[in-house]
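Here's a quick briefing to read with the structure open beside you. Take a look, then work through the points below.

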Amino acid sequence: QVQLVESGGGLVQAGGSLRLSCTASTSIFRIARMGWYRQAPGKQRDMVATITIGGNTNYADSVKGRFTISRDTAKNTVYLQMSSLKPEDTAVYYCNAFGPVNRWGQGTEVTVSS
């Protein structure tokens, strides 16, 4: 079963950038969709960005133009490049692999200070 490990979170000032990485224990070549989700304290987990096996991407309106999802199948890794960060981007960010399995990573915390 695929296991996902996120990294790259941390504390950053508003306007700064971070790159999150999600490395899978197996090949992601055949995973239908990989994505990043986030959960702020007291709130539900929401989709941030996804990328399909065909390379199609989808973004939450709140991050369009600021975040970019990409993948490197040779490294079994999915990235989330985050720029122009805002305090409201503060959350735990989770990686997800969907199709044919549904797996979550343990999360990596991102804190954006004002």
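Is Asp 89 buried or exposed? Asp 89 counts as buried, because its relative accessibility is 0% and the cut-off for buried is under 20%. Keep in mind that this is a predicted model.

**Asp 89 and its partners**
- You'll find Asp 89 in the loop that runs between strand 8 and strand 9.
- Its side chain makes a polar contact of 2.9 Å with the side chain of Arg 38.
- The side chain of Arg 66 also pairs up with that of Asp 89, in a polar contact of 2.8 Å.
- Setting aside neighbours within four places in sequence, Asp 89 touches Arg 38, Arg 66, Phe 67, Ser 84, Val 110 and Val 112.

- In soluble globular proteins, nonpolar side chains tend to be buried together.
- Here, the largest nonpolar core holds 29 residues, and Met 34, Trp 36, Leu 80, Met 82 and Tyr 93 have the most contacts inside it.
- Elements giving two or more residues to this core include strand 4 (33-39), strand 8 (77-82) and strand 9 (91-98).
- Beyond its neighbours within four places in sequence, Tyr 93 is in contact with a list of residues, among them Glu 6, Trp 36, Arg 38, Phe 67, Leu 80, Met 82 and Val 110.

**Ser 21**
- Ser 21 sits in strand 3 (residues 18-24).
- Ser 21 counts as buried because its relative accessibility is 13%.
- Leaving out neighbours within four places in sequence, Ser 21 contacts Val 5, Glu 6, Ser 7, Trp 36, Thr 77, Val 78 and Tyr 79.

Note on methods
Residues are numbered from 1 along each chain as its sequence is written. This is a predicted model: local features need pLDDT of at least 70, side-chain atom pairs count only at pLDDT 80 or more; totals for chains, interfaces and linings use all residues. Side-chain values use heavy atoms; hydrogens and water are left out. Helices (H or I, at least four residues) and strands (E, at least two) are DSSP runs, numbered from the N terminus. Buried means under 20% relative accessible area, exposed over 50%, partly exposed in between (1.4 Å probe, protein chains only). Contact means heavy atoms within 4.5 Å. A nonpolar core is a set of buried Ala, Val, Leu, Ile, Met, Phe, Trp, Tyr and Cys residues joined through side-chain atoms within 4.5 Å. A polar contact is a pair of N or O atoms within 3.5 Å; within protein, one must be able to donate a hydrogen and the other to accept it, and residues adjacent in sequence count only if both atoms are side-chain atoms.
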